[in-house]
Amino acid sequence: MEATSRRHDLDFIRVAAFMLLIVYHVSLMYNSRGFLLKAPDSSPIFDIIHLWTHPWRMSLLFLISGVVTGILLTRQTPEVLRKARTRQLLVPLLIGMLFLIPPQMYVCLNTSLGVDISLRDVFWHYLTLTPIPLPNGREVNLFWMQHLWYLAYLWTYTAILTLVVSAWPKLLPLAGDRLAPRLAGKWILIFPAILFILLRLTLRPAFPPTLNILTDWYSHSIYLMSFLLGVVMAMRSEYWEAVVDARKPALILALGCAVLLTMLFPGLPAGEPDMWQAFSGRVLAGTFQWCAIVAILGYAKIWLNSENAVVRYLNRAVLTYYVLHQTVMLVIAYWLREFGLMSASSFIPIVVATLAVCALCYELKRRLEISWKARIRAGIA
């Protein structure tokens with residue numbers, strides 16, 4: 001593996017992608033798709049946010065995580081990396097599932113599902129795995145990962161990779177050599193796009209996304225491939241040179257696909273699409289998915305390849321923002337709804353308030369950690 005210095009461009013992208021994720025999740029309360037809490041009014045603009053960001057956003061995050069993992073594997077043993085990732089990912093996942101998911105369920109039950117229940121009772125049903133009866137006679141089980149699924153998926157992929165690399169140390173260099181002809185020059189744009197299209201055409205109809213880690217085979221195929229592509233690309237400078245060279249056609253193709261998808265699906269959901277509409281949508285979405293990623297990576301490599309103090313700070317903070325944001329935004333939206341203030345005009349205020357609360361919580365967490373470490377050092381001295 002080639003020694004690799006810190007990639008400041010990837011820090012920029014990672015921060016921007018997580019901030020976009022917050023905007024996207026707030027938009028789910030206003031678009032045509034089902035969600036835990038829905039605003040009384042919606043607008044087609046919020047459907048466009050979904051259409052123009054959902055195909056590529058999470059794949060980009062998994063690819064960046066793969067690149068970081070590949071870089072770290074040049075400096076750490078697989079065992080050390082696996083232990084570090086277990087601590088970094090599973091601890092916030094478990095804490096979030098215990099304390100942050102029940103308030104989301106409380107909001108959903110008292111609004112979308114029409115159940116009058118206290119937060120204390122929601123916690124009791126959640127922690128005891130007791131289903132809650134709904135007004136329509138059905139029951140709902142509350143224990144779920146919700147938005148925290150990303151942490152579980154990323155830890156799983158990292159654990160699998162590090163275990164395989166421990167058993168087969170030459171795997172990644174060999175994979176880089178084998179993939180070199182398929183990721184060189186124009187093929188960096190063509191080959192992965194074909195794979196994304198094929199996965200959308202074959203696996204997605206049979207295994208639609210569920211965010212259930214045990215059955216989510218289509219999502220695993222997309223995200224694991226993105227993660228492994230990142231791992232392999234981390235080792236080879238020629239891949240990044242190809243990405244930079246392909247950035248302009250990638251941007252043109254991505255913008256073209258975004259426009260065509262908007263024309264093909266002017267509203268979401270538009271009912272069950274016919275066969276040709278579904279086929280065209282999957283081909284366009286797969287092309288858009290990879291071309292948008294290449295364009296973002298390529299332009300960031302040129303424009304954002306220097307250190308920035310704000311990005312450095314936020315890069316440490318985004319995990320906290322990610323874990324907190326959905327609970328924070330739902331609680332804010334719930335109280336706005338209770339006072340009759342939740343409308344399309346409250347979209348930006350909810351985004352800003354969510355970011356502000358997450359920022360305050362991270363800064364409090366950071367200062368407590370500094371104080372705790374100082375006390376430990378003082379005790380040792």
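A residue counts as buried under 20% relative accessible area, as exposed over 50%, and as partly exposed in between, with a 1.4 Å probe and protein chains only. By this scale Tyr334 is buried, at a relative accessible area of 7%. The model described here is predicted, so local features need pLDDT of at least 70 and side-chain atom pairs count only at pLDDT 80 or more, whereas totals for chains, interfaces and linings use all residues. Residues are numbered from 1 along each chain as its sequence is written, and side-chain values use heavy atoms, with hydrogens and water left out. Helices (H or I, at least four residues) and strands (E, at least two) are DSSP runs, numbered from the N terminus.

**Aromatic pairs**

- A pair of aromatic rings is described by the distance of the centres and the angle of the planes.
- Rings of Phe, Tyr and Trp (its six-membered ring) pair if their centres lie within 6.5 Å; planes under 30 degrees apart count as stacked, over 60 as edge-to-face and the rest as tilted.
- The whole structure contains 22 aromatic pairs by this search.
- One of them joins Phe62 and Tyr223, which are stacked with 4.8 Å centre to centre and 25° between the planes.
- This pair links distant parts of the chain, since Phe62 belongs to helix H3 (residues 57–72) and Tyr223 to helix H10 (residues 217–233), 161 residues apart.
- Phe62 is buried at a relative accessible area of 0%, and Tyr223 also counts as buried, at 11%.
- Tyr334 and Trp335 form an edge-to-face pair, because their ring centres are 5.5 Å apart and their planes stand at 75°.
- In that pair Tyr334 is buried, whereas Trp335 is partly exposed, with a relative accessible area of 47%.
- Ring pairs also build a cluster whose members are Phe18, Phe62, Trp149, Tyr150, Tyr153, Tyr157, Tyr223, Phe227 and Tyr322.

**Charges over rings**

- A charge sits over a ring if NZ of Lys or CZ of Arg is within 6 Å of the ring centre and within 35 degrees of the ring normal.
- Arg7 places its charged end over the ring of Trp240, 4.0 Å from the ring centre.

**Salt bridges**

- Side chains of opposite charge can pair when their charged atoms come close.
- The rule for a salt bridge is a side-chain nitrogen of Lys or Arg within 4 Å of a carboxyl oxygen of Asp or Glu, and the count comes to nine.
- Arg7 takes part in one of these with Asp9, at 2.7 Å from N to O, and both residues are buried.
- Arg236 and Glu238 are joined by a salt bridge of 3.3 Å, N to O.
- Glu238 is partly exposed at 32% relative accessible area, while Arg236 counts as buried at 16%.
- Together with Asp177, Arg236 and Glu238 are linked in a network of salt bridges.
- Arg366 and Glu363 meet in a salt bridge of 2.6 Å, N to O.
- Arg366 and Glu363 are three residues apart in helix H15 (residues 347–380), so about one helical turn separates them.
- Arg366 is partly exposed at 28% relative accessibility, whereas Glu363 is buried at 18%.

**Helices H12 and H13**

- Helix H12 (residues 247–264) and helix H13 (residues 275–303) have axes that come within 7 Å and cross at roughly 145°.
- These axes are lines fitted to C-alpha atoms, for helices over the stretch in contact, and the angles run from 0 to 180 degrees between N-to-C directions.
- The crossing of H12 with H13 is left-handed, meaning that the near helix is turned anticlockwise from the far one by less than a right angle; clockwise would be right-handed.
- The contact of H12 with H13 involves 18 nonpolar, five polar and two charged residues.
- Here Ala, Val, Leu, Ile, Met, Phe, Trp, Tyr, Cys and Pro count as nonpolar, Asp, Glu, Lys and Arg as charged, and the others, Gly among them, as polar.
- Helix H13 includes Trp290, which is buried at 1% relative accessibility.
- Trp290 and Ser226 are 64 residues apart in sequence and 9.5 Å apart in space, C-alpha to C-alpha.

**Positive phi angles**

- Most residues other than glycine have a negative phi.
- Leu129, although not a glycine, has a positive phi of about 60°.
- Leu129 lies in the loop between helix H6 (119–127) and strand S1 (132–133) and is exposed at 55%.
- Leu211 likewise has a positive phi of about 60°.
- Leu211 is in the loop between helix H9 (187–206) and H10 and is partly exposed at 30% relative accessibility.
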